[in-house]
Amino acid sequence: MRKKIVAGNWKMNTNLPQGHELFHEINEYCNTIDLRELSVIIAPPFTHLISLCETDNRCIQLAAQNCSDKTHGAFTGEVSTNMITSSGANYVIIGHSERRKYFGETNEILKNKINLAIESGLQTIYCCGESIDERQQGIHKDIISQQIEKVLYEFDNKQIGKIIVAYEPIWAIGTGETATAEQAQEMHACIRSLVNQKFGEELANSMTIIYGGSCSAKNASELFEMKDVDGGLIGGASLKAQDFIDIINALIKS
Ligand code: PGA
């Protein structure tokens, strides 16, 4: 069976004490539940990673929100995949639409980042998603196909096994407007079939594909009921412990 995942993307929110408080509250709750079939992941700002990794009785996995596409050297302000691994984190988010939009990250750059992440032993959460214009033009599936083919098709079966895909329609991120469960299911099935075409049925069926974009305690259950939705990448609602815990519970019950 596929691993279910709830991942919280804190983006550029919380200072260190606030981050600790939020993390401890969620971690305490997660220590009371069975996490054999479900991973809870949090992606805090870089500055929090090392100290959160050292949390006593930590059952939450940690992710970086980004990584460099270079291994080392004179790249002021960049953080390499090896640095992330050495902090104790196991995951990295790559290709978030905010990185594509505000930091000019192209498919070529994303491919390099994923390659380095895999080499460093990190699991990648690869984000893809269409804009509102693209959906209105009816080309949302073409856009997703490009984002999958131009980046993920460059890897081999072994590498693909280290990748989780997050479908995040840009029009739903931070807007309060979620994709309907049917829209999410349609796109997740499309992603799974693209993976199937290139890497075969076994890998496609074992790939975790999560949904992101205004996923909340209110709509999570409906989304998680869909057969190709294996969890969520949560932005805003991951900043409130109780909301995030409610989303974890929705996934457990799905
Ligand atoms: P949101 O963000 O839940 O606030 O819409 C999701 C994301 O950007 O990963």
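Biologist: How many cavities of 30 Å³ or more does the count come to?

Modeller: This is a predicted model, and the count comes to 1 cavity of 30 Å³ or more. The largest cavity has a volume of about 50 Å³, and among the residues that line it are Gly95, His96, Cys127, Cys128 and Glu168. Helix 4 and strand 5 (123-128) are the elements that give two or more residues to this lining.

Biologist: What makes up the lining of the largest cavity by class?

Modeller: The lining of the largest cavity has 3 nonpolar, 5 polar and 2 charged residues, where Gly is counted among the polar ones.

Biologist: Which residues lie closest to the centre of the largest pocket?

Modeller: The largest pocket holds about 410 Å³ of space, and of the 14 residues that line it, Lys11, Met12, Gln65, Arg99 and Phe103 are the closest to its centre. Helix 4 (residues 97-102) gives the most to this lining, with 3 residues. By class, the lining of the largest pocket has 7 nonpolar, 4 polar and 3 charged residues.

Biologist: How do you know that Arg99 lies over the face of Phe103?

Modeller: For an Arg, the CZ atom has to be within 6 Å of the ring centre and within 35 degrees of the ring normal. Arg99 lies at 4.0 Å from the ring centre of Phe103 and over its face. Lys70 is likewise placed over the face of Phe75, at 5.2 Å from the ring centre.

Biologist: And what does the second largest pocket have in its lining, by class?

Modeller: Its lining has 6 nonpolar, 1 polar and 7 charged residues. The second largest pocket contains about 300 Å³ of space, and Met1, Arg2, Lys4, Glu37 and Ser254 are the closest to its centre of the 14 residues that line it.

Biologist: Let us turn to the aromatic rings. How many aromatic pairs does a search of the whole structure find?

Modeller: The search of the whole structure finds 2 aromatic pairs.

Biologist: Why is the pair of Tyr153 and Phe199 called edge-to-face?

Modeller: Ring centres must lie within 6.5 Å to pair, and planes over 60 degrees apart count as edge-to-face. The centres of the Tyr153 and Phe199 rings are 6.0 Å apart and their planes stand at 85°, so the pair is edge-to-face. Tyr153 lies in the loop between helix 7 (140-149) and helix 8 (157-160), while Phe199 lies in helix 9 (residues 181-199), so the pair ties together parts that are 46 residues apart in sequence.

Biologist: Why do Tyr153 and Phe199 count as buried?

Modeller: Buried means under 20% relative accessible area. Tyr153 has 18% relative accessibility and therefore counts as buried, and Phe199, at 8%, counts as buried too.

Biologist: What makes the pair of Tyr167 and Tyr211 tilted?

Modeller: Planes under 30 degrees apart would be stacked and those over 60 edge-to-face, with the rest called tilted. Tyr167 and Tyr211 have 55° between their planes and 6.3 Å from centre to centre, and the pair is tilted. Tyr167 belongs to strand 6 (residues 163-167) and Tyr211 to strand 7 (residues 209-212), so the pair ties together parts that are 44 residues apart in sequence. Both Tyr167 and Tyr211 are buried.

Biologist: How do you know that the reach of helix 9 is close to the expected one?

Modeller: Helix 9 has 19 residues and reaches 26 Å from its first C-alpha to its last, which is close to the 27 Å expected at 1.5 Å a residue. The buried residues of helix 9 include Ala181, Met187, Ile191, Leu194 and Phe199. After helix 9 comes Gly200, with a positive phi near 95°.

Biologist: What is the phi of Lys11, and why is Lys11 called partly exposed?

Modeller: Phi of Lys11 is near 50°, a positive value in a residue other than glycine. Most residues other than glycine have a negative phi. Lys11 is found in the loop between strand 1 (4-9) and helix 1 (16-30). With a relative accessible area of 21%, it falls between the cut-offs of 20% and 50%, and therefore Lys11 is partly exposed.

Terms used
Residues are numbered from 1 along each chain as its sequence is written. This is a predicted model: local features need pLDDT of at least 70, side-chain atom pairs count only at pLDDT 80 or more; totals for chains, interfaces and linings use all residues. Side-chain values use heavy atoms; hydrogens and water are left out. Helices (H or I, at least four residues) and strands (E, at least two) are DSSP runs, numbered from the N terminus. Buried means under 20% relative accessible area, exposed over 50%, partly exposed in between (1.4 Å probe, protein chains only). On a 1 Å grid over the protein atoms alone, a cavity is a set of points where a 1.4 Å probe fits but cannot get out, and a pocket is an open set with protein on both sides within 12 Å along at least five of seven lines; lining residues have an atom within 4 Å of a point. Grid points are joined across faces, edges and corners, and a volume is the space filled by probe spheres set on the points. The expected span of a helix is 1.5 Å times one less than its number of residues.
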